[in-house]
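Welcome! Please take a look at the sequence and the structure below, and then we can walk through some of the details together.

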Amino acid sequence: MDTSLYERESALSEDEQLGVVLVKSAIITIDQLSEALGRAQQRGCNLARVLIEDKLLTEEQFVATLAEQLGLEFVDLADYPVDPAAARMVTETLARRYLALPIGWWEGRLIVAMADPSNVFAIDDIRALTGAEVRQVVATAEAVTAAINKYHRKDSEAEHISAEASASSGADENDLSNIKEVHEDAPIVRLVDLLISQAVSDRASDIHIEPTGKDLRVRYRIDGVLHEIMRNPRNIQGGIISRLKVMADINIAERRIPQDGRISMNIQGRPVDLRVATLPTVHGEKIVMRVIEKQTARLRLSELGFLPANMERYEAAYSKPYGTILVTGPTGSGKSTTLYATINILNDPTKNVITVEDPVELQLDGINQIQVNMKAGLTFAAALRTILRSDPDIMLVGEIRDRETATIAVEAALTGHLVLSTLHTNDAASTPNRLIEMGVEPFLAGSALDCVVAQRLARKLCERCKQSFHPDAGQLADMGWDFSGIEMPKELFRAEGCQVCGKTGYVGRFAVHEVLNVNEEIERMIVEHAHSEDIQKAAIADGMVPLRQAGLYAVAAGATSLEEVLRVIA
């Protein structure tokens, strides 16, 4: 391509005009444009798609360039102070149909962020609906969708439905004679559906519906931290709890003992399972729902946050044909996700993979999964004995809870099976002694145990708003920085908070691991019932990266903050 393009801009095609603007803006070079135009012709698509696919252009750069061509302003909605009242002037349906959202006012005109500013139908409909003249600005489709999700939250709608349900509910929440009518009461049904769909939109892992002395509190656990979402009138407590019990196939008349069930739904086009547990409290039944998205089952180990050295050590363990691999950590630390990701790698038509779980959280293709049923006598131990008669190659035990289960799992590993399971311990080095305390013979634990992975979940810093700073050595020392393991970094990041992350400073989570491989020395120490501190020292000498040090590596890489690592790792 030659520079004469500049001289005949008016006669250029749309792709060439876009290319000229990109070159003038120094986003790409003339040579890159020439090559990209050739590839666009070969692929039969436009220049923008080729540049984005080949990572020469981001969507933000493309939209900003398009706005410049049209003489319009480009707006980054993540940083723009959106007016919530303006955003709600159009319905969610219309906003999603046109990917257009009002974000404020300018000289008496309604500012509307649009992914396609040339859509005259969208402009006409918004003008007719709001009665205001429209000033278009351009934003990416992803940013507009995120803003619609945020400013068309269902909280206000839920509060309206809650008031409606309260007005139509009876005063006596313990009267079971009206249960049927309560279930068919549209406001209650709509309110429950809204609470669940909003939880999925907010990336919540758990929904807590808690009766108090005065009202009914709803909280979501997002990135491991509970956030209060709303409070409802107390007189709709019975209706909400009864509705959820019916959905989860739980006995609605039984309120004295804990119960559990399961709900399967399709929310926003995604299959979602809810594990429901009821808990009797002094103010009535509390319900906690664990939100399980089936796409979690397709997670790869490489996406979980393993350091390269830890990944190599763990891969060496699960690649063996037999042995015991234990993943340890507190409740909610991602143990099941790590095991599922491992099973996805090991799942092979030539292998017989059987799991026994309580409950089966995610259903995996090609794997035989057994649900524990205590009432029928199908315990972990009973299921394991049955599995051993079913010619297994790989066995996954949801959790080792007692001596019998631990002993059978260990003996299965010694007879040529690969056994994966979870255990509740604080770190990897204390796991062998925990097995021994449960009643497993030391020589069995030492021989069968091949690898222990201890893990915690830490929140990721929001890439949009994280703030860099230059750390002070004394400050880092006071906060527990391990100078012997990691050099003092020149730059660290702290959480700030913006509209994208809901002012928390964090979006999403990753796992921090320590991987202990049992070598001959550690096996001998287990047999001799050595102290966990001595096992820890031997493991570190063998190359294990301790949990805190792995967390500090993540801090040094800018993935999270030092405060977050100290929060999740003692």
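Which residue in strand 15 does V397 stand opposite? V397 stands opposite S421.

## About the model

This is a predicted model, in which local features need pLDDT of at least 70, side-chain atom pairs count only at pLDDT 80 or more, and totals for chains, interfaces and linings use all residues. Residues are numbered from 1 along each chain as its sequence is written, and side-chain values use heavy atoms, leaving out hydrogens and water.

Helices (H or I, at least four residues) and strands (E, at least two) are DSSP runs, numbered from the N terminus. Strand 14 covers residues 394-397; I394 and L396 point one way, M395 and V397 the other, and all are buried (under 20% relative accessible area, with exposed over 50% and partly exposed in between, using a 1.4 Å probe and protein chains only).

Strands pair if DSSP finds at least two bridges between them. Strand 14 runs parallel to strand 15 (residues 418-423), joined by four bridges. Strand 12 (residues 353-357) also pairs with strand 14 in the parallel sense, over four bridges, and there I354 has M395 as its bridge partner.

## A salt bridge across the chain

A salt bridge is a side-chain nitrogen of Lys or Arg within 4 Å of a carboxyl oxygen of Asp or Glu. By this rule there are 24 salt bridges. One of them joins D206 to R290, with the closest N and O atoms 2.7 Å apart. D206 lies in strand 5 (residues 204-211) and R290 in strand 10 (residues 284-293), so the pair ties together parts 84 residues apart in sequence. D206 is buried at 6% relative accessible area, whereas R290 is partly exposed at 25%.
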